[in-house]
Amino acid sequence: MESLLQEELPEIVSNGAFGKNLKYVSFELNKNQVGQDQYMSTVLFGTVTTSDESKYHVVIKLKLRDEKMRVHFKIDIQFQNEIAMYDRVIPFLFECHRSIKGEVSDCPILPRFFFGRNKCGEFAEKDLIILENVAPLGFKLSKERLFIDYDHFVIALQALARFHGLSYIAKHKDPDHLRKIVMEIRDTQFDKDGQWILKDNLLSKFGKRGADRLLDRSGDLYRENEHFRRFNELTEDSNNSIRRALVPREPFSVVCHGDFNRNNVLFRYEEELPVDVLLFDFGTPRYGSPALDLSFFLYMNTTQSLRESRWDDLLNVYCSTLAEFVPSGIRVPNRDELDSEMATCALFGLSHALFFLPHQLDADSTLNSEIDEDEQIRILLNKGGDAGTDLVADLVQHIVDMKFTNV
C-alpha cells in the first residue's frame, strides 16, 4: 500500500490537491498511528511534504482488497457518498451559512478534505480519500469504547445540532439547490432487491431477544402494553418499518450524518474534559429526520441509567443549540416537534443498537463463513451473552416507555 501511495501522490499533488503549483516531495508513513474502530476501509496515517516545504498530516482511506467484502458493505457507494459530502454537499451548506451569518467560527468542525477518487471496478484498489489528520490538533476518540458520559454527550449533541442547523439555513437560502444536491447521496441501507441490511427479517429476532427478556423481568407491566405490541409489529415488518422511518418529511428534514456514533466523533480535551468536537466519516449520509442521527447516537451510546436520568436534558441541549445557531425567522423543530420526530423515526437508531451493542460486548466478534446460516443466526442472537440480552431488553423497554412506535 505504501508503494501505491508513492506512485499516486505525485500526480495528486501536481493536480492541486494541496494547493496550486506545488510538487510532491515525499510521503512518510506513520506506523505508530493506526485507525481505531474502522472495518469498512483500510486507514493509513502519514505526512505529505510539498515543494514549498509545507508538511501535511493526512489520513488516507483505501478500499478493502476483498471484493466480496467491498460489495457486501457497499464500499464503492460509501466512497461516492463521502467524496460528494466533502467536495460538494458540505461546502454548499457552509456557503449558505456564510451568506446569511457572515462567520464560520460557530460552524461544526470537520477535517479538511484534500482529494477523493472512486473509479471502482478494476481501479477499485487505487481508489482513495485523503483527509486531514486532526490528531496533531489534539482531537482523539473518547477513552470509553462503548458508552460515553453526559459531558461527552452534551458537546457532541451541540456539534450535531449545528451540523443539522446548516441544512435549515440552506433550505431557507436556496431550497432548490439543496433538493438537487442531496440527490447525490446514495442509499446504503437497502440492497438492489429492496431488502434492508438485516435481511430475512432478522430484526424481528433481535427485537424478540429483548422483548422476551423484558417480559421475564416485568411481564405484568408490558404484556398488555399497546406500545410493546406495536414494537413487535414493527420489527416483524422491519423492511417496511425502516423504510417509513427513513422517508424525508418536511419541514424538518436535514442532511444527516447517517452513522453518528462515538467512533465517528473526535474530542479535544482540556483538563480531561471535552471542549471541542470534530465530525468525520460521512460514508452513509442521508436526507431525512434529525431523529435518525439522534436515535442512532443516543441508543448506541447511552447506558440505561443515563437514558432514565438525563434523556430530557440531552434533547433539550440539542434543541437549544439548534435554536441558538440558526438565525431567527428560519423554522427549526422545537422540543415537542422533535419528540414527534423521535416517535416516528427512533426505530431506526434502536434497530442498529439491538444488533451492534451485543457485538461490542463480545471480544470475539468474528463469524466463520463456513458454518451454515442457521448456526450464524444462533451465534448472532447470543452475542454478549446474558449481559447482551439484558442490554437489548433495556433498549426495548425505553422505546416502549417513550411510546416511540408511531412509525
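Two strands count as paired if DSSP finds at least two bridges between them. Strands (E, at least two residues) and helices (H or I, at least four) are DSSP runs, numbered from the N terminus.

The views below come from a predicted model, in which local features need pLDDT of at least 70 and side-chain atom pairs count only at pLDDT 80 or more, while totals for chains, interfaces and linings use all residues. Residues are numbered from 1 along each chain as its sequence is written, and side-chain values use heavy atoms, with hydrogens and water left out.

**View 1. An open sheet of 5 strands has the order E1-E2-E3-E5-E4, with antiparallel pairing.**
E1 and E4 are the edge strands; each has a single partner strand, so one side of each lacks a neighbour in the sheet. On average, neighbouring strands of this sheet are turned by 25° against each other, direction ignored. The axes behind such angles are lines fitted to C-alpha atoms, for helices over the stretch in contact, and angles run from 0 to 180 degrees between N-to-C directions.

**View 2. Strand E2 (residues 41–50) is largely enclosed by the rest of the structure, because 9 of its 10 residues are buried.**
Buried stands for under 20% relative accessible area, exposed for over 50%, and partly exposed for values in between (1.4 Å probe, protein chains only). Strand E1 (residues 24–29) pairs with E2 in the antiparallel sense over 5 bridges. In this pairing, Tyr 24 stands opposite Thr 50 in E2, and Glu 28 is opposite Thr 47 in E2. Strand E3 (residues 55–63) runs antiparallel to E2 and is joined to E2 by 9 bridges. Here Val 43 has Lys 61 of E3 opposite. E2 and E3 make a hairpin with 4 residues between them, and Glu 53 in the turn has a positive phi of about 70°. In a regular strand, side chains alternate between the two faces of the sheet.

**View 3. Strand E5 (residues 128–132) is mostly covered, with 4 of its 5 residues buried.**
E5 pairs with E3 in the antiparallel sense over 5 bridges. Strand E4 (residues 113–117) is joined to E5 by 4 bridges, and E4 and E5 run antiparallel. Leu 128 in E5 stands opposite Leu 62, and Leu 128 also has Arg 117 opposite.

Strand E8 (residues 265–270) and E9 pair in the antiparallel sense over 6 bridges. In that pairing Val 265 is opposite Leu 279 in E9.

**View 4. Helix H11 has a kink of about 55°, centred on Cys 345.**
The bend at a residue is the angle between axes fitted to the seven residues ending there and the seven starting there. H11 has 27 residues, but its end C-alpha atoms are only 33 Å apart, short of the 39 Å that a straight helix would reach at 1.5 Å a residue. The expected span is 1.5 Å times one less than the number of residues. Of the 27 residues of H11, 20 are buried, so the helix is largely enclosed by the rest of the structure. At the start of H11, a side-chain oxygen of Asn 334 comes to within 3.1 Å of the backbone nitrogen of Asp 336. A polar contact is a pair of N or O atoms within 3.5 Å; within protein, one must be able to donate a hydrogen and the other to accept it, and residues adjacent in sequence count only if both atoms are side-chain atoms.

**View 5. Ser 351 lies in helix H11 (residues 335–361).**
Ser 351 is buried, with a relative accessible area of 0%. A polar atom of the Ser 351 side chain lies 2.6 Å from the backbone oxygen of Leu 347. Not counting residues up to four places away in sequence, Ser 351 touches Trp 196, Leu 198, Leu 203 and Ile 242, where contact means heavy atoms within 4.5 Å.

**View 6. Ala 323 is placed in helix H10 (residues 304–325).**
Ala 323 is partly exposed, with a relative accessible area of 48%. The C-alpha atoms of Ala 323 and Glu 103 are separated by 17 Å, and the two residues are 220 residues apart along the chain.
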